[in-house]
Amino acid sequence: MSMNRPRRLRATPAMRRLVAETRLHPAELILPMFVREGASEPVPISSMPGVVQHSTESLKGAIADAAAAGIGGVMLFGVPGRKDATGSGATDPDGILNVATRIAAAEAGDALVVQTDLCLDEFTDHGHCGVLDANGYVDNDASLERYRDMAVAQAEAGSQLLGLSGMMDGQVAAVREALDGAGFGNTPILGYAAKYASAFYGPFREAVQSSLQGDRRTYQQDPANRREGAREVELDLAEGADVVMVKPAMSYLDVLSDAAATSLVPVWAYQVSGEYAMIEAAAAHGWIDRRRAIEESVIGIRRAGADAVLTYWALELAEWIR
Ligand code: PBG
(Lines give C-alpha, C1' and ligand atoms only; values in the text may rest on other atoms or scores of the structure.)
Protein backbone atom coordinates (compact mmCIF):
# COMPACT_ATOMS: atom_id res chain seq x y z
CA MET A 1 0.00 0.00 0.00
CA SER A 2 1.31 3.40 -0.95
CA MET A 3 0.76 6.09 1.65
CA ASN A 4 2.32 9.24 2.99
CA ARG A 5 4.93 8.30 5.56
CA PRO A 6 6.41 11.40 7.25
CA ARG A 7 8.09 9.04 9.71
CA ARG A 8 10.71 8.15 7.07
CA LEU A 9 12.42 11.46 7.82
CA ARG A 10 12.38 10.88 11.58
CA ALA A 11 14.02 7.46 11.64
CA THR A 12 17.58 8.32 12.68
CA PRO A 13 19.32 11.17 14.48
CA ALA A 14 21.31 11.95 11.32
CA MET A 15 18.16 12.14 9.22
CA ARG A 16 16.40 14.33 11.78
CA ARG A 17 19.38 16.64 11.90
CA LEU A 18 19.44 16.87 8.12
CA VAL A 19 15.79 17.86 7.80
CA ALA A 20 15.58 20.24 10.80
CA GLU A 21 13.88 23.44 9.64
CA THR A 22 15.13 25.62 12.48
CA ARG A 23 18.56 25.73 14.08
CA LEU A 24 20.02 27.77 16.85
CA HIS A 25 23.23 29.71 16.41
CA PRO A 26 25.06 31.69 19.12
CA ALA A 27 25.03 34.85 16.98
CA GLU A 28 21.26 35.15 17.29
CA LEU A 29 21.27 35.02 21.09
CA ILE A 30 21.33 38.16 23.24
CA LEU A 31 22.03 38.08 26.97
CA PRO A 32 20.19 40.54 29.24
CA MET A 33 22.47 41.66 32.10
CA PHE A 34 21.92 43.65 35.29
CA VAL A 35 24.49 46.02 36.75
CA ARG A 36 24.02 47.31 40.28
CA GLU A 37 25.41 50.59 41.51
CA GLY A 38 27.69 50.24 44.53
CA ALA A 39 27.88 46.43 44.42
CA SER A 40 31.34 45.13 45.27
CA GLU A 41 30.59 41.62 44.01
CA PRO A 42 27.83 39.88 42.01
CA VAL A 43 24.51 39.70 43.91
CA PRO A 44 22.34 36.63 43.19
CA ILE A 45 18.69 37.18 42.18
CA SER A 46 16.70 34.60 44.13
CA SER A 47 13.78 34.40 41.71
CA MET A 48 16.18 33.86 38.79
CA PRO A 49 18.59 31.13 39.91
CA GLY A 50 21.88 31.49 38.03
CA VAL A 51 21.35 35.18 37.18
CA VAL A 52 23.10 37.96 39.13
CA GLN A 53 23.26 41.70 39.48
CA HIS A 54 26.79 42.46 38.37
CA SER A 55 29.19 44.89 39.94
CA THR A 56 30.96 47.14 37.47
CA GLU A 57 34.01 44.96 38.09
CA SER A 58 32.33 41.59 37.50
CA LEU A 59 30.65 43.03 34.41
CA LYS A 60 34.02 43.08 32.64
CA GLY A 61 34.59 39.35 33.01
CA ALA A 62 30.97 38.65 32.07
CA ILE A 63 31.33 40.63 28.83
CA ALA A 64 34.53 38.75 28.03
CA ASP A 65 32.69 35.44 28.63
CA ALA A 66 29.84 36.55 26.37
CA ALA A 67 32.28 37.49 23.63
CA ALA A 68 34.10 34.17 23.98
CA ALA A 69 30.77 32.32 23.71
CA GLY A 70 30.15 34.03 20.38
CA ILE A 71 26.71 35.39 21.25
CA GLY A 72 25.35 38.29 19.23
CA GLY A 73 25.02 40.85 21.97
CA VAL A 74 24.13 41.86 25.49
CA MET A 75 21.28 44.05 26.74
CA LEU A 76 22.22 46.11 29.80
CA PHE A 77 19.89 47.14 32.62
CA GLY A 78 20.98 49.45 35.44
CA VAL A 79 20.06 49.11 39.11
CA PRO A 80 20.69 52.57 40.60
CA GLY A 81 21.35 53.31 44.25
CA ARG A 82 18.99 56.27 44.33
CA LYS A 83 15.75 56.96 42.48
CA ASP A 84 13.59 60.04 42.02
CA ALA A 85 10.38 61.13 40.32
CA THR A 86 11.94 61.92 36.94
CA GLY A 87 14.50 59.12 36.91
CA SER A 88 17.38 61.56 36.76
CA GLY A 89 19.94 58.73 37.03
CA ALA A 90 18.95 57.68 33.52
CA THR A 91 20.30 60.84 31.91
CA ASP A 92 23.26 61.38 34.23
CA PRO A 93 26.51 60.40 32.45
CA ASP A 94 27.62 59.01 35.82
CA GLY A 95 24.36 57.05 36.28
CA ILE A 96 24.95 53.32 36.65
CA LEU A 97 23.62 52.30 33.25
CA ASN A 98 25.76 54.84 31.41
CA VAL A 99 28.82 53.89 33.44
CA ALA A 100 28.19 50.20 32.76
CA THR A 101 27.74 50.92 29.05
CA ARG A 102 31.14 52.59 28.80
CA ILE A 103 32.76 49.64 30.56
CA ALA A 104 30.94 47.05 28.46
CA ALA A 105 31.63 48.82 25.17
CA ALA A 106 35.34 49.05 25.97
CA GLU A 107 35.47 45.40 26.98
CA ALA A 108 33.41 44.11 24.04
CA GLY A 109 35.27 45.87 21.25
CA ASP A 110 33.88 44.50 17.99
CA ALA A 111 33.09 41.06 19.42
CA LEU A 112 29.43 41.69 20.18
CA VAL A 113 26.78 44.42 20.16
CA VAL A 114 26.35 46.30 23.45
CA GLN A 115 22.70 47.32 23.82
CA THR A 116 20.94 49.33 26.50
CA ASP A 117 17.43 49.38 27.94
CA LEU A 118 15.91 52.78 27.30
CA CYS A 119 13.15 53.13 29.88
CA LEU A 120 12.73 55.07 33.10
CA ASP A 121 11.32 52.36 35.37
CA GLU A 122 14.61 51.35 36.96
CA PHE A 123 15.33 54.99 37.79
CA THR A 124 11.99 56.35 39.02
CA ASP A 125 10.95 56.16 42.67
CA HIS A 126 7.36 55.33 41.61
CA GLY A 127 8.67 52.60 39.31
CA HIS A 128 6.76 53.64 36.19
CA CYS A 129 8.29 53.69 32.73
CA GLY A 130 7.63 57.41 32.37
CA VAL A 131 7.02 60.53 34.42
CA LEU A 132 3.68 61.17 36.12
CA ASP A 133 1.25 64.06 35.72
CA ALA A 134 -0.53 65.78 38.62
CA ASN A 135 -3.08 62.94 38.76
CA GLY A 136 -0.47 60.19 38.87
CA TYR A 137 -1.14 59.19 35.25
CA VAL A 138 1.90 58.34 33.16
CA ASP A 139 2.37 61.43 30.98
CA ASN A 140 3.19 60.23 27.48
CA ASP A 141 4.69 63.35 25.92
CA ALA A 142 6.58 64.48 29.02
CA SER A 143 8.09 60.98 29.14
CA LEU A 144 9.20 61.33 25.52
CA GLU A 145 11.24 64.38 26.53
CA ARG A 146 13.04 62.26 29.11
CA TYR A 147 13.57 59.46 26.55
CA ARG A 148 15.19 61.91 24.12
CA ASP A 149 17.74 62.92 26.72
CA MET A 150 18.25 59.35 27.87
CA ALA A 151 18.90 58.26 24.28
CA VAL A 152 21.61 60.86 23.77
CA ALA A 153 23.22 59.96 27.12
CA GLN A 154 23.26 56.27 26.17
CA ALA A 155 24.66 56.93 22.71
CA GLU A 156 27.35 59.14 24.22
CA ALA A 157 28.22 56.31 26.62
CA GLY A 158 28.77 54.02 23.65
CA SER A 159 25.57 52.01 23.38
CA GLN A 160 25.39 50.40 19.96
CA LEU A 161 21.64 49.73 19.94
CA LEU A 162 18.98 51.42 22.06
CA GLY A 163 16.19 49.15 23.31
CA LEU A 164 13.05 51.27 23.72
CA SER A 165 10.95 49.31 26.20
CA GLY A 166 8.75 52.02 27.72
CA MET A 167 5.67 51.64 25.48
CA MET A 168 5.04 55.38 25.16
CA ASP A 169 3.30 56.37 21.93
CA GLY A 170 5.70 57.98 19.48
CA GLN A 171 8.83 56.91 21.34
CA VAL A 172 10.69 55.62 18.30
CA ALA A 173 10.15 58.82 16.31
CA ALA A 174 11.09 61.02 19.28
CA VAL A 175 14.30 59.13 20.00
CA ARG A 176 15.23 58.97 16.31
CA GLU A 177 14.91 62.73 16.06
CA ALA A 178 16.96 63.31 19.22
CA LEU A 179 19.73 60.95 18.10
CA ASP A 180 19.93 62.48 14.64
CA GLY A 181 20.02 65.97 16.13
CA ALA A 182 22.91 65.04 18.40
CA GLY A 183 25.06 63.51 15.68
CA PHE A 184 24.08 59.89 16.36
CA GLY A 185 22.41 59.21 13.04
CA ASN A 186 24.14 55.85 12.85
CA THR A 187 22.90 54.55 16.21
CA PRO A 188 20.11 52.03 15.60
CA ILE A 189 16.84 51.67 17.53
CA LEU A 190 15.23 48.46 18.73
CA GLY A 191 11.54 49.12 19.27
CA TYR A 192 9.87 46.93 21.86
CA ALA A 193 6.95 47.23 19.50
CA ALA A 194 4.45 44.79 20.96
CA LYS A 195 5.01 44.64 24.68
CA TYR A 196 2.28 43.21 26.85
CA ALA A 197 1.40 43.93 30.49
CA SER A 198 2.55 40.54 31.69
CA ALA A 199 2.74 38.61 34.94
CA PHE A 200 5.83 36.96 33.47
CA TYR A 201 7.92 40.05 34.30
CA GLY A 202 7.58 39.14 38.00
CA PRO A 203 11.16 38.01 38.70
CA PHE A 204 12.57 41.00 36.77
CA ARG A 205 11.02 43.29 39.35
CA GLU A 206 13.31 41.71 41.95
CA ALA A 207 16.24 41.82 39.54
CA VAL A 208 15.99 45.61 39.20
CA GLN A 209 14.59 46.21 42.69
CA SER A 210 11.54 47.85 41.18
CA SER A 211 9.52 50.20 43.35
CA LEU A 212 6.37 49.83 41.22
CA GLN A 213 3.00 49.84 42.97
CA GLY A 214 0.10 48.74 40.81
CA ASP A 215 0.66 47.82 37.17
CA ARG A 216 1.51 49.14 33.71
CA ARG A 217 -1.80 48.51 31.98
CA THR A 218 -2.29 52.10 30.81
CA TYR A 219 0.74 51.80 28.55
CA GLN A 220 1.66 48.14 28.05
CA GLN A 221 -0.75 46.07 25.96
CA ASP A 222 -3.67 43.93 27.05
CA PRO A 223 -2.79 40.20 26.69
CA ALA A 224 -6.17 39.69 25.00
CA ASN A 225 -5.19 41.66 21.89
CA ARG A 226 -3.50 40.19 18.83
CA ARG A 227 -4.46 42.73 16.16
CA GLU A 228 -3.27 45.54 18.39
CA GLY A 229 0.17 43.90 18.46
CA ALA A 230 0.31 44.12 14.67
CA ARG A 231 -0.70 47.78 14.89
CA GLU A 232 2.09 48.55 17.36
CA VAL A 233 4.63 46.83 15.10
CA GLU A 234 3.39 48.82 12.10
CA LEU A 235 3.68 52.10 14.02
CA ASP A 236 7.24 51.38 15.15
CA LEU A 237 8.23 50.49 11.61
CA ALA A 238 6.67 53.71 10.29
CA GLU A 239 8.55 55.71 12.93
CA GLY A 240 11.84 54.21 11.78
CA ALA A 241 12.62 51.33 14.12
CA ASP A 242 15.64 49.38 12.87
CA VAL A 243 14.56 46.22 14.71
CA VAL A 244 11.18 45.39 16.26
CA MET A 245 10.52 43.12 19.22
CA VAL A 246 7.68 41.12 20.70
CA LYS A 247 7.67 40.55 24.46
CA PRO A 248 7.12 38.25 26.32
CA ALA A 249 7.77 35.39 23.92
CA MET A 250 6.09 32.13 24.83
CA SER A 251 2.57 33.41 25.44
CA TYR A 252 2.71 35.71 22.38
CA LEU A 253 3.98 33.47 19.57
CA ASP A 254 0.99 34.41 17.40
CA VAL A 255 1.89 38.09 17.69
CA LEU A 256 5.51 37.19 16.87
CA SER A 257 4.45 35.20 13.85
CA ASP A 258 2.31 38.12 12.61
CA ALA A 259 5.25 40.51 13.00
CA ALA A 260 7.62 38.15 11.19
CA ALA A 261 5.17 37.89 8.30
CA THR A 262 5.01 41.63 7.67
CA SER A 263 8.22 43.24 8.94
CA LEU A 264 11.01 44.09 6.51
CA VAL A 265 13.41 44.69 9.42
CA PRO A 266 14.65 42.05 11.89
CA VAL A 267 12.10 40.76 14.40
CA TRP A 268 13.31 39.75 17.83
CA ALA A 269 11.61 38.24 20.85
CA TYR A 270 12.34 38.54 24.56
CA GLN A 271 12.08 35.35 26.59
CA VAL A 272 11.41 37.12 29.87
CA SER A 273 12.29 36.50 33.50
CA GLY A 274 9.12 34.56 34.34
CA GLU A 275 9.63 32.24 31.40
CA TYR A 276 13.13 31.60 32.71
CA ALA A 277 11.99 31.14 36.30
CA MET A 278 9.23 28.66 35.41
CA ILE A 279 11.56 26.28 33.62
CA GLU A 280 14.28 26.61 36.26
CA ALA A 281 11.80 25.94 39.07
CA ALA A 282 10.21 22.92 37.39
CA ALA A 283 13.64 21.51 36.53
CA ALA A 284 14.84 22.03 40.10
CA HIS A 285 11.93 19.85 41.23
CA GLY A 286 12.90 17.20 38.68
CA TRP A 287 9.57 17.70 36.90
CA ILE A 288 11.04 18.42 33.46
CA ASP A 289 14.31 17.78 31.66
CA ARG A 290 16.01 21.15 32.05
CA ARG A 291 18.17 21.17 28.94
CA ARG A 292 15.48 19.82 26.63
CA ALA A 293 12.93 22.28 27.97
CA ILE A 294 15.27 25.23 27.48
CA GLU A 295 16.19 24.18 23.94
CA GLU A 296 12.57 23.52 23.02
CA SER A 297 11.43 26.86 24.41
CA VAL A 298 13.98 28.82 22.39
CA ILE A 299 13.59 26.79 19.20
CA GLY A 300 9.85 27.43 19.45
CA ILE A 301 10.46 31.17 19.57
CA ARG A 302 12.76 30.97 16.56
CA ARG A 303 10.29 28.76 14.68
CA ALA A 304 7.50 31.29 15.29
CA GLY A 305 9.59 33.87 13.44
CA ALA A 306 12.14 35.50 15.75
CA ASP A 307 15.42 36.27 14.01
CA ALA A 308 17.11 36.64 17.39
CA VAL A 309 16.12 35.95 20.98
CA LEU A 310 16.91 37.75 24.21
CA THR A 311 17.29 34.97 26.75
CA TYR A 312 18.92 34.60 30.16
CA TRP A 313 20.20 31.23 28.92
CA ALA A 314 22.18 32.75 26.04
CA LEU A 315 25.60 31.67 27.31
CA GLU A 316 24.60 28.16 28.28
CA LEU A 317 22.77 27.65 24.98
CA ALA A 318 25.79 28.91 23.05
CA GLU A 319 27.95 26.35 24.82
CA TRP A 320 25.50 23.54 24.05
CA ILE A 321 25.31 24.52 20.39
CA ARG A 322 29.07 24.26 20.00
C1 PBG B 1 11.17 47.81 31.36
C2 PBG B 1 11.44 46.38 31.19
C3 PBG B 1 10.86 45.30 31.87
C4 PBG B 1 11.45 44.15 31.37
C5 PBG B 1 12.39 44.54 30.43
N6 PBG B 1 12.35 45.92 30.31
C7 PBG B 1 9.90 45.29 32.98
C8 PBG B 1 8.52 45.73 32.78
O9 PBG B 1 8.12 46.14 31.70
O10 PBG B 1 7.78 45.69 33.77
C11 PBG B 1 11.15 42.75 31.80
C12 PBG B 1 12.15 41.73 31.39
C13 PBG B 1 11.97 40.42 32.06
O14 PBG B 1 10.98 40.16 32.74
O15 PBG B 1 12.87 39.57 31.88
N16 PBG B 1 12.36 48.53 31.56
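Between which two helices does the loop that holds Gln 209 lie? In this predicted model, Gln 209 belongs to the loop that runs between α6 and α7 (227–238). The phi angle of Gln 209 is near 50°, a positive value in a residue other than glycine. Gln 209 has a relative accessibility of 37%, and it is therefore partly exposed, since that class lies between the 20% and 50% limits.

A positive phi also occurs at Met 167, which is not a glycine; the angle there is about 60°. Met 167 is found in the loop between β6 (161–164) and α5 (171–181). Because buried means under 20% relative accessible area, Met 167, at 6%, is buried.

| Residue | Relative accessible area | Class |
|---|---|---|
| Met 167 | 6% | buried |
| Phe 200 | 27% | partly exposed |
| Gln 209 | 37% | partly exposed |

Phe 200 is placed in the loop between β7 (189–195) and α6 (202–207). Leaving aside residues up to four places away in sequence, Phe 200 touches Pro 248, Ser 251, Val 272, Ser 273, Gly 274, Glu 275 and Met 278. The C-alpha atom of Phe 200 is separated by 16 Å from that of Val 255, and the two residues are 55 residues apart along the chain.

Pro 248, one of the residues touched by Phe 200, sits in the loop between β8 (243–247) and α8 (253–262). The peptide bond leading from Lys 247 to Pro 248 is cis, with omega near -10°.

Elsewhere, Arg 5, Arg 7, Arg 8 and Arg 10 form a positive surface patch. Arg 10 is located in the segment before α1 (13–19).

Notes: Residues are numbered from 1 along each chain as its sequence is written. This is a predicted model: local features need pLDDT of at least 70, side-chain atom pairs count only at pLDDT 80 or more; totals for chains, interfaces and linings use all residues. Side-chain values use heavy atoms; hydrogens and water are left out. Patches are made of residues with over 30% relative accessible area and no salt bridge: like charges are joined within 9 Å, nonpolar side chains (Val, Leu, Ile, Met, Phe, Trp, Tyr) within 5 Å. Accessible areas come from the Shrake-Rupley method with a 1.4 Å probe; for residues, only the protein chains shown count as cover. A salt bridge is a side-chain nitrogen of Lys or Arg within 4 Å of a carboxyl oxygen of Asp or Glu. Lys and Arg count as positive and Asp and Glu as negative; His and the chain ends are not counted. The place of a charge is taken as NZ of Lys, CZ of Arg, CG of Asp or CD of Glu. Helices (H or I, at least four residues) and strands (E, at least two) are DSSP runs, numbered from the N terminus. Buried means under 20% relative accessible area, exposed over 50%, partly exposed in between (1.4 Å probe, protein chains only). Contact means heavy atoms within 4.5 Å.
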